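Q: Could we go through how pockets and aromatic contacts are read from a structure?

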Amino acid sequence: LHMGRTMKEDLTVVVQRIKQLYPLDFNVCGTYADLYHNYFASQLKQTAESQLEDKDIYLLLSWVHNIYPNDIRKDRVLAEELGKVKLGSLLPSSLIKDLEKKYLGSEEATVKNCLGRCLETEIQRWKGDQEPEKLDGHFHSELAILAIQNVYGGRKRADDLSAALGEEIAPCLSRELAAFLKSYKDAFEEFKEKSKKQKFYKPILMANINNCQHFRNYAEKNIAEKDDNKASILSTLSDIEKSGFDVLLQQLFAELKPIYKKFTENKWDSSDEIMNAIIKTTGKYISEFQSLNDPFYKAIVEKVHVHLVKEYIVRLLKRRVSLKSPVQQQNLAQNISKNAAALEAFCTSHGSQASWLNSALPKLAEIIRLQDSGAIKIEVATLATVYPDIRKRHLEAFLHIKANLTRGELKSILSYLADGAASSPSSAPLFSNINVS
């Protein structure tokens, strides 16, 4: 610092006051600049070749890449004169590369250690069974913020030295983030299995699901597509989210199962009361899920919506009801339509954006209501267009309800659908997740 400041101040005096006292061809500014530069470079080289701590290496690289070229050589008073002199770098390129290699290794190790400490602190917090704080009504953890700050800090420190070093360290830091998230996932799985009796089990789960949004946002914005670690990071986050959702939904789905069974046990009588019980039970859980960040709340509500529709279809495919009378079929179709409307209104009012589900039950109700086989075929073809994962086995089980169809009519209607699995998975699967017994 003393040498740098002396050089800058002395050369400023040379440019502003001494230059005019010498003949132009003497190039006094260049002479002074060479002498100062050579002395400074020799002292710096001597320092660089001695035993250095990490902070010393960073300081030397700051001088080489940043302070010397920018603060001294590009100083507004000195820039023009120093631009005429070929001063070169403060250190030989081989020595710079050696320092950079040591710096990159130490920076990566520093970030790795910091991430490890962040995770250990978070695990201890889980064990303390304290309710996570809330931020804007959503359960919050500092883990993501602290971890991201460490990774971002490592990149910024490298960028501050040079853009090239920033680019070089980026994949190293994303690799450390990927490894950290895998450790985080393992710790989360252990907590999930071993801490079910904790008072704040669900709030802690939700806080950790919310963490994933911050990590995902950082990865998507700051990690290059060509970086192989990006896919690993996003995949691990998806695993954590799914794992958390599965636990949060487990109890709800278990409570709903016996209620759904009542549809077939009661031969679809009192279906309004059964649907009301389903909606009431689901509503209690959905209110808890509002402590998730908005993207996750919408995602879990959509999972609930899919489950409610799927379980209703499962009951329709159980072959427990067989109606010969068109009037009976129309009454059942009416009940299904009413249940579908109630279910859609409930899910939509709670923020579900899975509008692709809304036509499934009304279309099935319409197939039950229709009596003309030609009209039924058209409706089946429309259903298959909207839900391409429906297979012949699903339709055959469903048409068991329409006991007045002849074998020929049944065969003709079934011919509209394929056997086996779909050639390519549906982007929004519904029927492919339904097994027909």
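Q: How many residues line the second largest pocket, and which of them lie nearest its centre?
A: A word of caution comes first: this is a predicted model. The second largest pocket has a lining of 14 residues, and those nearest its centre are Arg-155, Ala-170, Pro-171, Asn-222 and Ala-224. Two or more lining residues come from each of helix 6 (143-161), helix 7 (163-194) and helix 8 (201-222). Helix 7 contributes the most, with five residues.

Q: What is the volume of the second largest pocket, and how do its lining residues divide into nonpolar, polar and charged?
A: The space in the second largest pocket is about 270 Å³. Its lining comprises eight nonpolar, two polar and four charged residues.

Q: Which residues lie nearest the centre of the largest pocket?
A: They are Glu-302, Lys-303, Val-306, His-307 and Asn-433, out of 15 lining residues. The elements that supply two or more residues to this lining are helix 9 (228-265) and helix 11 (294-316). Helix 11 provides the largest share, six residues. The volume of the largest pocket is about 440 Å³, and its lining residues are seven nonpolar, three polar and five charged.

Q: How is a pair of aromatic rings described?
A: One states the distance between the ring centres and the angle between the planes. In this structure, a search of the whole model finds 16 aromatic pairs. For Phe-180 and Phe-215, the ring centres are 6.0 Å apart and the planes are at 55°, so the pair is tilted. Phe-180 belongs to helix 7 and Phe-215 to helix 8, so this pair ties together parts that are 35 residues apart in sequence.

Q: Are Phe-180 and Phe-215 buried or exposed?
A: The criterion for a buried residue is a relative accessible area under 20%. Phe-180, at 5% relative accessibility, is therefore buried. Phe-215 has a relative accessible area of 0% and is buried.

Q: How far apart are the ring centres of Trp-268 and Tyr-312?
A: Their centres are 5.2 Å apart and their planes are at 50°, so the pair is tilted. Trp-268 is in the loop between helix 9 and helix 10 (271-289), whereas Tyr-312 is in helix 11, so that the pair links distant parts of the chain, 44 residues apart. Both Trp-268 and Tyr-312 are buried.

Q: Which residues do ring pairs link into a cluster?
A: The cluster consists of Trp-126, Phe-180, Tyr-184, Phe-191, Tyr-201 and Phe-215.

Q: Which residue lies over the face of Phe-139?
A: Lys-134 does, at 4.8 Å from the ring centre.

Key: Residues are numbered from 1 along each chain as its sequence is written. This is a predicted model: local features need pLDDT of at least 70, side-chain atom pairs count only at pLDDT 80 or more; totals for chains, interfaces and linings use all residues. Side-chain values use heavy atoms; hydrogens and water are left out. On a 1 Å grid over the protein atoms alone, a cavity is a set of points where a 1.4 Å probe fits but cannot get out, and a pocket is an open set with protein on both sides within 12 Å along at least five of seven lines; lining residues have an atom within 4 Å of a point. Grid points are joined across faces, edges and corners, and a volume is the space filled by probe spheres set on the points. Helices (H or I, at least four residues) and strands (E, at least two) are DSSP runs, numbered from the N terminus. Ala, Val, Leu, Ile, Met, Phe, Trp, Tyr, Cys and Pro count as nonpolar, Asp, Glu, Lys and Arg as charged, and the others, Gly among them, as polar. Rings of Phe, Tyr and Trp (its six-membered ring) pair if their centres lie within 6.5 Å; planes under 30 degrees apart count as stacked, over 60 as edge-to-face and the rest as tilted. Buried means under 20% relative accessible area, exposed over 50%, partly exposed in between (1.4 Å probe, protein chains only). A charge sits over a ring if NZ of Lys or CZ of Arg is within 6 Å of the ring centre and within 35 degrees of the ring normal.
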